[in-house]
Amino acid sequence: MSSFALMIQGAPYSSGAALSAFRFCEAALESGHQIQRLFFFQDGVHNASALCVPPQDEFHLPKAWQQLIQQHRIDAVVCVASALKRGITDNNEAVRHQLPASNLLEGFSIGGLGLWMESMAKADRVLNFAP
Amino acid sequence: MTLHVINKTDPRLWQTLLTAVLPTDALVLIEDAVYAALPAPAQASELLAHHPGLHVCVLVDDLAARGISAKIRPGFVSVSYRDFVALSLVHERVVNWH
(Lines give C-alpha, C1' and ligand atoms only; values in the text may rest on other atoms or scores of the structure.)
Protein backbone atom coordinates (compact mmCIF):
# COMPACT_ATOMS: atom_id res chain seq x y z
CA MET A 1 0.00 0.00 0.00
CA SER A 2 1.27 3.43 -0.97
CA SER A 3 0.13 6.89 0.01
CA PHE A 4 -0.86 9.81 -2.19
CA ALA A 5 -1.17 13.51 -1.53
CA LEU A 6 -3.31 15.34 -4.07
CA MET A 7 -3.51 19.07 -4.61
CA ILE A 8 -6.66 20.31 -6.35
CA GLN A 9 -6.44 23.77 -7.87
CA GLY A 10 -9.48 23.76 -10.16
CA ALA A 11 -13.06 24.72 -9.30
CA PRO A 12 -15.77 22.18 -10.11
CA TYR A 13 -17.35 22.68 -13.56
CA SER A 14 -14.76 25.31 -14.61
CA SER A 15 -12.09 22.91 -15.89
CA GLY A 16 -11.41 19.19 -15.86
CA ALA A 17 -8.89 19.46 -13.01
CA ALA A 18 -11.17 18.75 -10.06
CA LEU A 19 -12.95 15.85 -11.76
CA SER A 20 -9.60 14.32 -12.82
CA ALA A 21 -8.39 14.57 -9.22
CA PHE A 22 -11.60 12.95 -7.98
CA ARG A 23 -11.33 10.05 -10.43
CA PHE A 24 -7.67 9.55 -9.56
CA CYS A 25 -8.51 9.57 -5.85
CA GLU A 26 -11.27 6.98 -6.38
CA ALA A 27 -8.96 4.75 -8.43
CA ALA A 28 -6.17 4.97 -5.85
CA LEU A 29 -8.57 3.90 -3.08
CA GLU A 30 -10.02 1.10 -5.24
CA SER A 31 -6.46 -0.12 -5.82
CA GLY A 32 -5.94 -0.38 -2.06
CA HIS A 33 -3.82 2.73 -1.58
CA GLN A 34 -4.16 5.45 0.97
CA ILE A 35 -4.86 9.15 0.45
CA GLN A 36 -2.52 10.93 2.86
CA ARG A 37 -4.28 14.24 2.29
CA LEU A 38 -6.36 16.20 -0.21
CA PHE A 39 -5.36 19.84 -0.34
CA PHE A 40 -7.76 22.26 -2.02
CA PHE A 41 -5.89 25.35 -3.16
CA GLN A 42 -6.69 28.50 -5.17
CA ASP A 43 -9.97 28.02 -7.13
CA GLY A 44 -10.03 24.42 -5.89
CA VAL A 45 -11.61 25.65 -2.65
CA HIS A 46 -14.97 25.86 -4.46
CA ASN A 47 -15.09 22.04 -4.31
CA ALA A 48 -15.77 22.44 -0.59
CA SER A 49 -18.79 24.73 -0.91
CA ALA A 50 -21.99 23.49 0.68
CA LEU A 51 -23.98 25.86 -1.55
CA CYS A 52 -23.36 24.29 -4.99
CA VAL A 53 -26.56 23.16 -6.72
CA PRO A 54 -25.74 21.64 -10.12
CA PRO A 55 -28.67 20.54 -12.34
CA GLN A 56 -30.11 17.19 -11.22
CA ASP A 57 -28.77 15.29 -14.22
CA GLU A 58 -25.20 16.53 -13.67
CA PHE A 59 -22.54 15.01 -11.44
CA HIS A 60 -22.49 16.73 -8.03
CA LEU A 61 -18.75 16.95 -7.51
CA PRO A 62 -18.69 18.68 -4.08
CA LYS A 63 -21.12 16.06 -2.72
CA ALA A 64 -19.13 13.23 -4.32
CA TRP A 65 -15.95 14.53 -2.65
CA GLN A 66 -17.79 14.70 0.66
CA GLN A 67 -19.01 11.10 0.39
CA LEU A 68 -15.54 9.83 -0.54
CA ILE A 69 -13.90 11.85 2.24
CA GLN A 70 -16.34 10.65 4.89
CA GLN A 71 -16.42 7.04 3.70
CA HIS A 72 -12.64 6.71 3.71
CA ARG A 73 -11.95 9.21 6.52
CA ILE A 74 -9.67 11.25 4.30
CA ASP A 75 -7.96 14.36 5.63
CA ALA A 76 -9.37 17.05 3.27
CA VAL A 77 -7.88 20.47 3.85
CA VAL A 78 -9.02 23.72 2.26
CA CYS A 79 -6.39 26.46 2.14
CA VAL A 80 -7.50 29.19 4.53
CA ALA A 81 -6.21 32.15 2.50
CA SER A 82 -7.59 30.79 -0.80
CA ALA A 83 -10.94 30.00 0.82
CA LEU A 84 -11.59 33.23 2.69
CA LYS A 85 -10.93 35.45 -0.29
CA ARG A 86 -13.33 33.36 -2.38
CA GLY A 87 -16.13 33.33 0.17
CA ILE A 88 -15.64 29.80 1.46
CA THR A 89 -15.61 29.67 5.26
CA ASP A 90 -16.21 27.41 8.21
CA ASN A 91 -17.98 28.48 11.40
CA ASN A 92 -14.83 29.58 13.24
CA GLU A 93 -13.63 31.85 10.46
CA ALA A 94 -17.16 33.23 9.96
CA VAL A 95 -17.29 34.25 13.63
CA ARG A 96 -13.75 35.64 13.56
CA HIS A 97 -14.49 37.80 10.50
CA GLN A 98 -18.07 38.62 11.53
CA LEU A 99 -19.58 37.01 8.43
CA PRO A 100 -23.35 36.38 8.19
CA ALA A 101 -22.99 32.66 7.37
CA SER A 102 -20.59 29.77 6.83
CA ASN A 103 -20.62 27.30 3.93
CA LEU A 104 -17.83 24.74 4.29
CA LEU A 105 -19.10 21.23 3.54
CA GLU A 106 -18.92 18.87 6.48
CA GLY A 107 -15.90 16.57 6.14
CA PHE A 108 -13.57 19.32 4.90
CA SER A 109 -11.43 21.40 7.23
CA ILE A 110 -9.69 24.76 6.90
CA GLY A 111 -5.90 24.81 7.20
CA GLY A 112 -2.68 26.43 6.09
CA LEU A 113 -0.19 25.70 3.35
CA GLY A 114 2.15 24.22 5.96
CA LEU A 115 -0.04 21.10 5.88
CA TRP A 116 0.72 20.73 2.17
CA MET A 117 4.45 20.98 2.90
CA GLU A 118 3.99 18.17 5.40
CA SER A 119 2.12 16.10 2.80
CA MET A 120 4.90 16.55 0.26
CA ALA A 121 7.35 15.17 2.80
CA LYS A 122 5.16 12.30 4.02
CA ALA A 123 3.27 10.94 1.00
CA ASP A 124 4.86 8.42 -1.37
CA ARG A 125 3.60 10.33 -4.40
CA VAL A 126 2.35 13.86 -4.87
CA LEU A 127 0.09 14.95 -7.74
CA ASN A 128 -1.12 18.40 -8.57
CA PHE A 129 -4.39 18.75 -10.48
CA ALA A 130 -4.66 22.27 -11.89
CA PRO A 131 -6.60 23.84 -14.78
CA MET B 1 12.26 7.97 -13.97
CA THR B 2 9.58 10.63 -13.97
CA LEU B 3 5.93 10.37 -14.96
CA HIS B 4 4.93 13.55 -16.77
CA VAL B 5 1.22 14.34 -16.74
CA ILE B 6 0.00 16.94 -19.21
CA ASN B 7 -3.55 18.28 -19.58
CA LYS B 8 -3.53 20.59 -22.59
CA THR B 9 -2.11 20.89 -26.11
CA ASP B 10 -0.64 24.38 -25.65
CA PRO B 11 2.44 24.40 -27.97
CA ARG B 12 4.60 26.44 -25.57
CA LEU B 13 3.88 24.05 -22.72
CA TRP B 14 4.80 21.08 -24.94
CA GLN B 15 7.97 22.86 -26.02
CA THR B 16 9.04 23.15 -22.37
CA LEU B 17 8.03 19.55 -21.70
CA LEU B 18 10.24 18.47 -24.59
CA THR B 19 13.31 19.94 -22.90
CA ALA B 20 12.51 18.21 -19.60
CA VAL B 21 11.68 14.67 -20.73
CA LEU B 22 14.35 11.96 -20.42
CA PRO B 23 14.30 8.70 -22.41
CA THR B 24 13.42 6.64 -19.30
CA ASP B 25 10.42 8.85 -18.47
CA ALA B 26 6.80 8.25 -19.42
CA LEU B 27 3.99 10.57 -20.36
CA VAL B 28 0.29 10.49 -19.53
CA LEU B 29 -2.07 12.64 -21.59
CA ILE B 30 -5.19 13.70 -19.69
CA GLU B 31 -8.12 16.09 -20.26
CA ASP B 32 -7.68 18.16 -23.46
CA ALA B 33 -4.12 16.85 -23.96
CA VAL B 34 -5.67 13.63 -25.31
CA TYR B 35 -6.17 15.53 -28.57
CA ALA B 36 -2.39 15.39 -28.97
CA ALA B 37 -2.79 11.61 -29.35
CA LEU B 38 -4.50 12.05 -32.72
CA PRO B 39 -2.20 11.35 -35.68
CA ALA B 40 -2.24 14.93 -37.00
CA PRO B 41 -1.16 17.31 -34.21
CA ALA B 42 2.47 18.42 -34.25
CA GLN B 43 3.04 18.28 -30.48
CA ALA B 44 3.39 14.50 -30.26
CA SER B 45 5.30 14.21 -33.54
CA GLU B 46 7.94 16.61 -32.31
CA LEU B 47 8.19 14.83 -28.97
CA LEU B 48 8.58 11.45 -30.64
CA ALA B 49 11.19 12.86 -33.03
CA HIS B 50 13.28 13.71 -29.95
CA HIS B 51 12.41 10.59 -27.95
CA PRO B 52 11.44 7.80 -30.38
CA GLY B 53 10.85 5.09 -27.77
CA LEU B 54 9.03 7.24 -25.23
CA HIS B 55 6.22 5.48 -23.38
CA VAL B 56 3.10 7.59 -24.00
CA CYS B 57 -0.21 6.75 -22.30
CA VAL B 58 -3.58 8.35 -22.92
CA LEU B 59 -6.39 8.40 -20.38
CA VAL B 60 -9.24 6.35 -21.83
CA ASP B 61 -12.04 8.23 -20.01
CA ASP B 62 -10.90 11.54 -21.49
CA LEU B 63 -10.58 10.00 -24.98
CA ALA B 64 -14.11 8.60 -24.74
CA ALA B 65 -15.50 11.92 -23.46
CA ARG B 66 -14.19 13.53 -26.65
CA GLY B 67 -15.24 10.72 -28.98
CA ILE B 68 -11.73 9.94 -30.22
CA SER B 69 -10.97 6.59 -28.53
CA ALA B 70 -10.53 4.75 -31.83
CA LYS B 71 -8.40 7.41 -33.46
CA ILE B 72 -5.17 7.52 -31.43
CA ARG B 73 -1.81 7.03 -33.07
CA PRO B 74 -0.26 3.58 -33.15
CA GLY B 75 2.16 3.07 -30.28
CA PHE B 76 0.21 5.18 -27.81
CA VAL B 77 -1.43 3.17 -25.04
CA SER B 78 -4.94 3.80 -23.67
CA VAL B 79 -4.94 3.61 -19.87
CA SER B 80 -7.59 3.65 -17.15
CA TYR B 81 -7.43 5.73 -13.96
CA ARG B 82 -6.27 2.59 -12.13
CA ASP B 83 -3.43 2.23 -14.65
CA PHE B 84 -2.64 5.92 -14.09
CA VAL B 85 -2.37 5.27 -10.33
CA ALA B 86 -0.10 2.27 -10.94
CA LEU B 87 2.07 4.27 -13.38
CA SER B 88 2.55 7.00 -10.80
CA LEU B 89 3.95 4.40 -8.40
CA VAL B 90 6.19 2.69 -10.94
CA HIS B 91 7.90 6.03 -11.54
CA GLU B 92 9.93 7.81 -8.90
CA ARG B 93 7.96 11.01 -9.10
CA VAL B 94 5.08 12.68 -10.91
CA VAL B 95 5.33 16.07 -12.58
CA ASN B 96 2.07 17.77 -13.57
CA TRP B 97 2.30 20.16 -16.50
CA HIS B 98 -0.44 22.77 -16.75
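The legends below describe close-up views of a predicted model.

In this predicted model, local features need pLDDT of at least 70 and side-chain atom pairs count only at pLDDT 80 or more, while totals for chains, interfaces and linings use all residues. Residues are numbered from 1 along each chain as its sequence is written, chains are lettered from A and ligands numbered from 1 in the order in which they are written, and side-chain values use heavy atoms, with hydrogens and water left out.

**View 1. The open sheet of chain A is built from five strands with parallel pairing.**
The strands stand in the order S4-S3-S2-S1-S5, where helices (H or I, at least four residues) and strands (E, at least two) are DSSP runs numbered from the N terminus, and two strands pair if DSSP finds at least two bridges between them. At the edges are strand S4 (108–111) and strand S5 (125–129) of chain A, each of which pairs on one side only. Neighbouring strands of this sheet are turned by 25° against each other on average, direction ignored; such angles, from 0 to 180 degrees, are taken between the N-to-C directions of axes, which are lines fitted to C-alpha atoms, for helices over the stretch in contact. Strands of a sheet pair through backbone hydrogen bonds. Within the sheet, strand S2 (residues 34–40) and strand S3 (residues 76–79) of chain A run parallel and are joined by three bridges, and A:Phe40 has A:Val78 as its bridge partner in S3(A).

**View 2. Helix H5 (residues 114–122) of chain A packs on the sheet.**
This helix touches strand S1 (3–8), S2, S3, S4 and S5 of chain A, and its direction makes about 150° with that of S2(A); contact here means heavy atoms within 4.5 Å. Helix H5 of chain A also contains A:Met120, which counts as partly exposed because its relative accessible area is 41%, given that buried means under 20%, exposed over 50% and partly exposed in between (1.4 Å probe, protein chains only).

**View 3. A salt bridge joins A:Arg37 to A:Glu118.**
The closest N and O atoms of the pair are 2.9 Å apart, and a salt bridge is defined as a side-chain nitrogen of Lys or Arg within 4 Å of a carboxyl oxygen of Asp or Glu. A:Arg37 lies in strand S2 of chain A and A:Glu118 in helix H5 of chain A, 81 residues apart, so that the pair links distant parts of the chain. A second salt bridge, between A:Glu93 and A:Arg96, lies within one helix.
The closest N and O atoms of this pair are 3.1 Å apart, and both residues belong to helix H4 (residues 91–96) of chain A, three residues apart, about one turn of the helix. A:Glu93 counts as buried at 10% relative accessibility, while A:Arg96 counts as exposed at 58%.

**View 4. Chain B has an open sheet of five strands with parallel pairing.**
The order is S4-S3-S2-S1-S5, and strand S4 (77–79) and strand S5 (93–97) of chain B stand at the edges, each with a single partner strand, so one side of each has no neighbour in the sheet. Strand S3 (residues 55–59) of chain B runs parallel to S4(B), joined by three bridges, and B:Cys57 stands opposite B:Val77 in S4(B).
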